[in-house]
Amino acid sequence: MSIISLIIKREFISKVRNKSFIVMTFLSPLLFVALAGFVGYLSSMKADTKQIAIHDESGLFVKEFTSKNKKDADYKYLDLSLVDLQYLKDSITNESYEGLLYIPKSTNSKELENSIQFISNDSPSISFTQKIQNIIEAKLTKTNLVNANLDTLVINKAQANVNINLTKASGEESVKGLNEIKIGIGGAFGYLIMMFIIIYGNMVMRSVIEEKTSRIVEIIISSVKPFQLMIGKIIGTSLAGLLQFFIWAAIGLLLMFAASAFFGVNVGPTARISPELMDAAQQEMAGTVQMYIKELWNLPIASILIGFVVYFIGGYFLYSSFYAAIGAAVDNQTDSQQFLLPIMMPLILAVYIGFFTVINDPHGTVAVIFSMIPLTSPIVMLMRIPFGVPLWQIAISVTLLFASFFAVVWFAAKIYRIGILMYGKKPSWMELYKWLKY
Amino acid sequence: MSNILEVNKVVKRYGDYVALNEVTLAVPKGSIYGLLGPNGAGKTSLIRIINQITLPDSGQILLDGEKLQPKHVQYIGYLPEERGLYNTMKVGEQCLYLAQMKGLSKAEAKKQLEYWFDRLEIQGWWNKKIQELSKGMAQKIQFVVCVLHKPKLLIFDEPFSGFDPVNANIIKDEILKLREDGATIIFSTHRMESVEELCDHIALIHKSNKLIEGKLNDVKRKFKTNSYEVGILSDNVEGLMYDITQKFTVRPANFKSLNDSLKLEIQLGNASPNDLLSLLTKRGQVNHFVEKIPTVNDIFIQTVSDK
């Protein structure tokens, strides 16, 4: 045991002392903040308002676009129904219109449905065409209803506007948007685990390759068992990873405090405008924020944090064993590519499943299955936990994860043991299989 | 004299390839034991098994009478042929780390390190990184790492490669001193002159089998052909040649001599050297008469090419 702790210590110190670790640890949060600031700055910049020319021969729709109460920051609609259509078409480029919406003259709504055109040089975005369609559809439906001699007032009254209140079985009312928070939290933790697995798994691999190419490995394993060396390396590297994580967390908190202080100053002047209004707004805001905070506390925070630690350890150890075995099997990093791909795939798959399936249906079959499979469970299950996962599922998933971790470590140790003493040839999959049997 | 290491019918296979075929060896305490064999003979496999880097498929190994087990790593010092240290780690830290792995306490390791750094006059290297050192310098560090924990059994695989003659000599003296202090040394090399110079026991492994083992002198005695090198000044060379070819097998010999004498290698068969000598003295003036002792090199080449 003391030998393993010796190895852990060395691995940890050599990782932490490495210049790239120091640079990564302290520079990447700054980079992240700078990047976030840059993106924020870019998105706060007013995008150029795009001009859309409307040639509405029917005269039915143009008001729907140009009327004042329909604000649209991105698009400005120009009523050019009186201008010659051909001239308009020709001038799309010259007049720098984004496009021309052409509505032919027709009283037959069925005919209109399919005869409206949008003419542009570049194909418009899906959201934009959707928007135009919605406006025209709404107007057309209204017209049809009027034509059918139905009272618009009655119709407006009849128009249902459903707003579902989310309530948990325990009876507490939920705030809307909580799901987004859950997704955000689950996604962030799942993504974090993936990043840590890749970054620190690679570090383990590099460290194994370094020992192999510098040939020190033969000296070391004449004193310790390869298994001890491998485990020590994995644990030591993970500690360096955790240290980095805690430093980031600390820096993140500091930055958050700094940011709130900074914005607190910014908010000041606006308060002067109207104290009463501000008060009301503040109260309302405070109410919502309180609700959110309350809801945040109602999240299974304990399970999320414990889940993060457990799945981080399980997932990281599982993948690091693969990385260590690969490092032992190859002579240099370029040779490692063919073995790395099969490792990356489940990770990427897990993130995709997390972001597509879990969000749609956190407790659906796909989500449940992939939160059980050990290679994807650390990521998928973490994304599910904020939505509340039955304990038995977590129990199965964790058991499977750690059982397969021990199995993989056993296999990896076998490959490792043989691999670290093999030089000069790039092993094939077949060869790795043979090593397992030695 | 008891044996510090006994290897009993050790078999090691890699897939279908047999690397060691029931190899049995006994290394006496206090000896310098030359482990010889052509490339790929299985020496490294054997050394790795002794170091518990790999396990034998069958057979057993006794260290100092006990079955080889993990705690024995601290009694063995190993200098592998492929040298390597952590390139970016400082020399001192690295040596401390490797010594602690062999079971030394940190304080003890430090004490030993200082002793060895003084002895090899490399005190200034403590804070250098390996990548700043030359190959020969790194080799010295490696040697220190190997002997730091005062092992009972030292295994050197090509210890002199990479050293200039001055440093090779320093290392050779250190090896001899270690033996005087009670260590046993297994010495694997292809440089036969250093085997001749240092070893008192040898074993020769060829194609996974042990072919020869024993005290160097015994082995040599076994390989000697009862031949003598003779230098003789004679007026009647033809008569002389006639006489000796009647009785013995004669070949021209090649040795250094200041005289312009006739140089012959004569195999005596069952006759005694005196028979030859009396025959020779009748025919001329003998100025060189030496029993031809096979060199390790001869033994090596003869054994390996016989098979």
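Colleague: Where does I193(A) sit?
Modeller: I193(A) is in helix α8 of chain A. Keep in mind throughout that this is a predicted model.

Colleague: Is I193(A) buried or exposed?
Modeller: I193(A) is buried, because 25 other C-beta atoms lie within 10 Å, and the cut-off for buried is 20 or more.

Colleague: What is I193(A) in contact with, leaving aside neighbours within four places in sequence?
Modeller: Y311(A), F312(A), G315(A), P378(A), I379(A) and L382(A).

Colleague: You mentioned I379(A). Which residues of α13(A) and α15(A) meet?
Modeller: From α13(A), the residues are A350(A), V351(A), I353(A), G354(A) and V358(A). From α15(A), they are I379(A), V380(A), M383(A) and R384(A). By class, this contact has seven nonpolar residues, one polar and one charged.

Colleague: How do the axes of those two helices cross?
Modeller: Helix α13 (residues 337-360) and helix α15 (residues 377-384) of chain A have axes that come within 8 Å and cross at roughly 25°. That angle makes α13(A) roughly parallel to α15(A), because angles under 35 degrees count that way. The crossing is right-handed.

Colleague: Zooming out, how many helices and strands does chain A have?
Modeller: Chain A has 17 helices and four strands. Of its 438 residues, 29% count as buried. Among contacts in chain A between residues at least 6 apart in sequence, 76% join residues at least 24 apart.

Colleague: Take α1(A). Which of its residues are buried?
Modeller: L6(A), I7(A), R10(A), E11(A), F12(A), S14(A) and K15(A) are buried in α1(A). As for length, helix α1 (residues 2-17) of chain A has 16 residues that should span 22 Å at 1.5 Å a residue, and its end C-alpha atoms are 22 Å apart, which agrees.

Colleague: What about α6(A), how many of its residues are buried?
Modeller: One of its 22 residues, so α6(A) is hardly covered. Helix α6 (residues 126-147) of chain A reaches 31 Å from first C-alpha to last, close to the 32 Å expected at 1.5 Å a residue. Just after α6(A), N149(A) takes a positive phi of about 65°.

Colleague: Staying in chain B, where is D57(B)?
Modeller: D57(B) is in the loop between α1 (43-50) and β4 (58-63) of chain B. With 15 other C-beta atoms within 10 Å, D57(B) is partly exposed. Leaving aside neighbours within four places in sequence, D57(B) is in contact with V11(B), K12(B) and R13(B). D57(B) and V10(B) are 7.4 Å apart, C-alpha to C-alpha, but 47 residues apart in sequence.

Colleague: Now the two chains. How many residues does each put into the contact?
Modeller: Chain B gives 19 residues and chain A gives 15. On the side of chain B, the largest share, four residues, comes from helix α2 (residues 91-101). The residues on that side divide into 11 nonpolar, five polar and three charged.

Colleague: How do α2(B) and α3(B) cross?
Modeller: Their axes come within 9 Å and cross at roughly 125°. That makes α2(B) oblique to α3(B), and the crossing is right-handed. Among the residues that meet are L96(B) and A99(B) in α2(B), and A109(B) and L113(B) in α3(B). By class, the contact has five nonpolar, three polar and two charged residues.

Definitions and conventions: Residues numbered from 1 in each chain as written. Chains lettered and ligands numbered in written order. Predicted model: local features only at pLDDT ≥ 70, side-chain atom pairs only at ≥ 80, totals over all residues. Contact = placed C-beta atoms within 7 Å. Nonpolar A, V, L, I, M, F, W, Y, C, P; charged D, E, K, R; others polar. Axes fitted to C-alpha atoms, helices over the stretch in contact; angles between N-to-C directions. Parallel < 35°, antiparallel > 145°, perpendicular 65-115°, else oblique. Left-handed = near helix turned anticlockwise from the far one by under 90°. Expected span 1.5 Å × (residues − 1). Buried ≥ 20, exposed ≤ 12 C-beta atoms within 10 Å, placed from the backbone.
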